[in-house]
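Me: I have a structure open that I have never looked at before, and I would like to talk it through with you. Could you take it slowly?

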Amino acid sequence: LFGRDPFTVVHNGIDTDRFAPDPARRARLRKELGVADDEILLGHVGRVSAQKNHPGLLKMFAALRAQDPRMRLVLIGGGEMGYVEKMRDLAQELNLGRSVIFAGVRSDVPALYDAMDAFVLPSLFEGLPVVLVEAQCAGLPCFVSDTVDPDAAFTDRLHFLPLNDDAAWVSAISRESFARDADAPQKARAAGYDIRTTAEFLQNFYLRRYKEATP
């Protein structure tokens with residue numbers, strides 16, 4: 001991108017404390033969503049739009065649920081009403097019924113990560129999705145399309161899968177233990193994704209540049 005010119009990378013920092021796993025939030029949110037203790041809840045956070053590949057996600061989930069009826073899916077995010085309704089109709093066509101929860105726009109996303117057992121992101125294209133940083137920080141196993149930058153990984157719970165290969169997704173998710181990584185917040189901090197680290201870095205960077213530019 002920059003050739004041989006010098007450049008500095010600043011990570012998209014998040015409040016890692018807010019996204020650290022919390023068992024109390026998990027129990028409360030799963031009860032609110034109507035998800036039983038023995039069910040496996042996959043989650044997706046993102047605008048309901050063509051880029052995020054909700055049709056592909058729903059079709060993959062239908063194949064997964066045919067193998068394991070314990071599977072549930074929660075979709076968090078809003079979008080153009082007509083497109084959202086189209087996705088609701090597709091879920092019905094795929095006979096997914098109550099197994100898919102269209103949660104809409106929420107202000108309690110950290111708690112919703114706690115409710116999940118895994119995170120899925122089958123986007124057609126992405127830069128570096130902040131939701132993937134959040135989901136990893138929450139300790140979740142993450143299943144993402146191979147269109148996502150591999151540099152987004154800072155835990156060993158991130159699985160990159162072929163975009164249009166439902167069987168690969170079903171196989172990978174079916175093999176998952178769904179154990180949560182309790183050390184994930186520390187890994188996020190070590191990788192430079194904590195908002196305090198990035199804020200301090202930017203402050204020092206601009207102060208240094210100001211001093212360089214000031215006679």
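**Aromatic rings and the surface**

Reply: Phenylalanine 205 counts as partly exposed, because its relative accessibility is 24%. Please keep in mind throughout that this is a predicted model.

Me: OK, and which residue does phenylalanine 205 form an aromatic pair with?

Reply: Its partner is tyrosine 206, and the two rings are arranged edge-to-face, with 5.4 Å from centre to centre and 80° between the planes. Tyrosine 206 itself counts as exposed, since its relative accessibility is 55%.

Me: Where does tyrosine 206 sit?

Reply: Tyrosine 206 lies in helix H9, which covers residues 195–213. Tyr206 also belongs to a nonpolar surface patch of about 350 Å², which it makes together with Val10, Phe201 and Leu202.

Me: How many aromatic pairs does the structure hold?

Reply: There are 5 aromatic pairs in the structure. There is also an aromatic cluster, formed by Phe19, Tyr113 and Phe119.

Me: Switching to the inside, which residues of the largest nonpolar core touch the most other members?

Reply: That core has 34 residues, and the ones touching the most other members are Val45, Ile76, Tyr113, Met116, Phe119 and Leu132. Eight elements each supply at least two residues of this core, namely helices H2 (23–33), H5 (109–115) and H6 (130–137) together with strands S1 (40–45), S2 (71–76), S3 (100–104), S4 (118–121) and S5 (142–145). Apart from this core lies another one, of 29 residues, with Leu57, Leu58, Ala118 and Val170 among them.

Me: New topic, then: how many salt bridges does a search of the whole structure find?

Reply: The search finds 18 salt bridges. One of them joins glutamate 32 and arginine 106, whose closest N and O atoms are 2.8 Å apart. This pair links distant parts of the chain, since glutamate 32 is in helix H2 while arginine 106 is in the loop between S3 and H5, 74 residues apart.

Me: Which residue does lysine 52 meet in a salt bridge?

Reply: The side chain of lysine 52 meets that of glutamate 126, at 2.6 Å from N to O. The pair again links distant parts of the chain, 74 residues apart, with lysine 52 in the loop between S1 and helix H3 (54–67) and glutamate 126 in the loop between S4 and H6. Lysine 52 is buried, with a relative accessible area of 12%, and glutamate 126 counts as buried at 18%.

Me: What about aspartate 194, which residue does its side chain meet?

Reply: Aspartate 194 meets arginine 196 in a salt bridge of 2.9 Å, N to O. Aspartate 194 counts as buried, because its relative accessibility is 3%, whereas arginine 196 counts as partly exposed at 42%.

Me: One last thing: where is methionine 87, and what is it in contact with?

Reply: Methionine 87 lies in helix H4, residues 81–93, and it counts as buried because its relative accessibility is 2%. Leaving aside neighbours within four places in sequence, methionine 87 is in contact with Val48, His54, Pro55, Leu58 and Phe102. Proline 185 is 98 residues from methionine 87 along the chain, and the C-alpha atoms of the two are separated by 33 Å.

Definitions and conventions
Residues are numbered from 1 along each chain as its sequence is written. This is a predicted model: local features need pLDDT of at least 70, side-chain atom pairs count only at pLDDT 80 or more; totals for chains, interfaces and linings use all residues. Side-chain values use heavy atoms; hydrogens and water are left out. A nonpolar core is a set of buried Ala, Val, Leu, Ile, Met, Phe, Trp, Tyr and Cys residues joined through side-chain atoms within 4.5 Å. Buried means under 20% relative accessible area, exposed over 50%, partly exposed in between (1.4 Å probe, protein chains only). Helices (H or I, at least four residues) and strands (E, at least two) are DSSP runs, numbered from the N terminus. Patches are made of residues with over 30% relative accessible area and no salt bridge: like charges are joined within 9 Å, nonpolar side chains (Val, Leu, Ile, Met, Phe, Trp, Tyr) within 5 Å. Accessible areas come from the Shrake-Rupley method with a 1.4 Å probe; for residues, only the protein chains shown count as cover. A salt bridge is a side-chain nitrogen of Lys or Arg within 4 Å of a carboxyl oxygen of Asp or Glu. Rings of Phe, Tyr and Trp (its six-membered ring) pair if their centres lie within 6.5 Å; planes under 30 degrees apart count as stacked, over 60 as edge-to-face and the rest as tilted. Contact means heavy atoms within 4.5 Å.
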